Amino acid sequence: VIQRGPTLPKPPCLIYCCVWRFRDRFCQEQLKEHFLSTIGLVSLASHHTKFVDKMDQNGGVIPGRVANGNGVAGSTNGHGPSKPQQPQAGDPDESLKWRVGLRNASGKFLTAEPFGFKLNASGASLKMRQTWVLVPDPEHPSTVCLKSHLNRFLSTDKDGLVSCSSEEAGPETRFIIEYAGDGVQWALKSAQHGLYFSGEEDRVKCFSKAPVWWTCQLALHPQVHVKNLNRGRYLRLGSGEISADRVNPWGAESLITLMKRDGRVAIRASDGRYLARGGELLDRLDEAESLFSIQVHCGPCPGLAFKDSAGRFLTNIGATGTSKTKNQTVSKDELFVLEDSYPQIAVKAFNGRYASIKQGQDLNANQSDIDVTETYQLEFHAASGKWRFRTKDDKFWKLSTVGNGISATGDSRDQSTLFAMEYQPKGRVALKCSNGSYLSAKKLGAVNATGSEVKSEEQFQLVLLNRPIVVFRCDFGFVGIKNGRLECNLVSYDAFNLEVSDSGFYHIRGSEGFWCVQADGSISFKGERPEEFLLEFRSRSCVAIQASNGCYVRGEQNGTMRADADEIRAACLWEY
């Protein structure tokens, strides 16, 4: 009734009470997770509506709201529908808040329960309840505060009693992070009382005089942009190295993928090679050369530091900012911030040419090759459900006041920069402008907002440029290969090559073959030939994947992936 009913249940509080009583009676974790997610603690879905609890940019819960007709509830950081809400582009503080999970010596995650602000250390995997935001305290530069998904701070008193109900940061919410010799494990020391935080099952306290070690795991999507704090430049794939010389993270070469291994990360460039501590790029991951532990450094310029196996920190050297490890101490040169990697696309018209601003500010579909002037950042506007196209000069497409043309001169306050995206057959889109007309391309390349209906001239192909390798995640976990099959409920993940064909279809390739659809609709990763998939941009960080059989790929809680959905539901949205 709850899943299929035509309207949302009127008193959600009554549903939550039922969930709590159900949990008390049955103590199996898998059953709890399934039931909670089914009836609305994570998301509540029917055929045409969806009720979503999100988090604001500070980690706080935003009440759920009804989605639009295609089942997509606005913007979602890098998290799917049941995950923390993504910040909008240009949020200056978002890169200074780090979402992490804390795993104890038994391999269980610190968890903030949604009722009574209870704490335990029994989470089997890193999901929303196991996600914590490390918030630097500017008035106390050596400390951090930990905020739960409920927007409450972790705190401790002098007797070692721990709670997570504080709405404001204070002396008892501040912790000092200490690192083990390998840099992988962390200890949290109360800045007020000098005692260490520990947790085992429901025994969570802060009363130990000796360090109690936790393993930190980043909770963000691993495909990011990385900026050196001192230089103010982004890392990118250069000529045989990773350089820090880009003011804007533009193009595929600015994509960095953080590959997790045993509490450390490897820095993977957009061509699939791994950064070694000496600055060279390796075809294969070398644990001694390519793995870095992550340390959080607060102070006037908070950031992350990457420490290699020899105890030296990553920095950027020389005019081009070559990335390599050098010093054993951390200064601003060794600090980095991570930012979400927004999708960057090219727009191909029916005449086979790409929309370009190469010849000035006016948009024309007249270029046969893709360069920076044919690359646009696609940004979702959650309030309206529409999209913006940002240029390399930080301007947006906008409707011109003369001749209904499109010019690259808009800013984010201008409503004429918003375009409604309507999907057409074969992955094409129609873009409806603020004047109610569709964007239309002429044979010679002129682009105007004059289309009254969708014909071939009003259909465009969006080519995703900055995901040559891609990591997918859904509500149940990451996509990867386990026990000889492709699964979508994993804590670890695999990166796949994403190849686009001239016809607009994508081929997804792993180390053992191509993704392909089996007779029963399940997805295999051992295809001998490329199989055609389409990607539909559905929210800030999620796509729907349409397979060659015309159905959408959906994930199941047991990890199975099947191409059998006739319409887009929550289970069909993949963070990328």
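**Before you start**

Residues are numbered from 1 along each chain as its sequence is written. The model is predicted, so local features need pLDDT of at least 70 and side-chain atom pairs count only at pLDDT 80 or more, while totals for chains, interfaces and linings use all residues; side-chain values use heavy atoms, with hydrogens and water left out.

**Whole chain**

Select the chain. It has 576 residues, and 56% of them count as buried (buried means under 20% relative accessible area, exposed over 50%, partly exposed in between, with a 1.4 Å probe and protein chains only). The chain holds three helices and 53 strands. Both are DSSP runs numbered from the N terminus: helices are H or I with at least four residues, strands are E with at least two. The accessible surface comes to about 24000 Å², and carbon and sulfur atoms account for 47% of it. Accessible areas come from the Shrake-Rupley method with a 1.4 Å probe; for residues, only the protein chains shown count as cover.

Now colour by pLDDT, the predictor's confidence in each residue, from 0 to 100. The chain average is 84, and 83% of the residues score at least 70. Select residues 1-96: pLDDT stays under 50 there, and the model has 211 contacts beyond four places in sequence for this stretch. A contact means heavy atoms within 4.5 Å. Where pLDDT is low, the predicted coordinates should not be read in detail.

**A hairpin and its neighbour**

Select residues 174-179 and 185-190. These are strands S12 and S13, which run antiparallel and are joined by five bridges. Two strands pair if DSSP finds at least two bridges between them. Ile177 has Leu188 in S13 as its bridge partner. S12 and S13 form a hairpin with five residues between them, and Gly183 in the turn has a positive phi of about 80°.

S13 pairs with S16 in the antiparallel sense over two bridges. Which residue of S16 stands opposite Trp186? It is Trp214.

**Two loops with positive phi**

Select Asp262, in the loop between strand S20 (256-261) and strand S21 (264-268). Asp262 is not a glycine, yet its phi is positive, about 50°. Is Asp262 buried or exposed? Asp262 counts as exposed because its relative accessibility is 66%.

Next select Asn404, in the loop between strand S34 (396-399) and strand S35 (406-410). Asn404 is not a glycine either, and has a positive phi of about 55°. With 32% relative accessibility, Asn404 counts as partly exposed.

**Around Gln367**

Select Gln367, in strand S31 (residues 364-367). Gln367 counts as buried because its relative accessibility is 15%. Leaving aside residues up to four places away in sequence, Gln367 touches Arg353, Tyr354, Ser356, Lys358 and Glu374. The side chains of Gln367 and Asn366 are joined by a polar contact of 3.2 Å. A polar contact is a pair of N or O atoms within 3.5 Å; within protein, one must be able to donate a hydrogen and the other to accept it, and residues adjacent in sequence count only if both atoms are side-chain atoms.

**An open sheet**

Finish with the open sheet of five strands, in the order S41-S45-S46-S47-S48, with antiparallel pairing. The edge strands are S41 (469-470) and S48 (523-527), each pairing on one side only. Inside this sheet, select residues 506-510 and 513-517: strands S46 and S47 run antiparallel and are joined by two bridges. Gly510 has Gly513 in S47 as its bridge partner.
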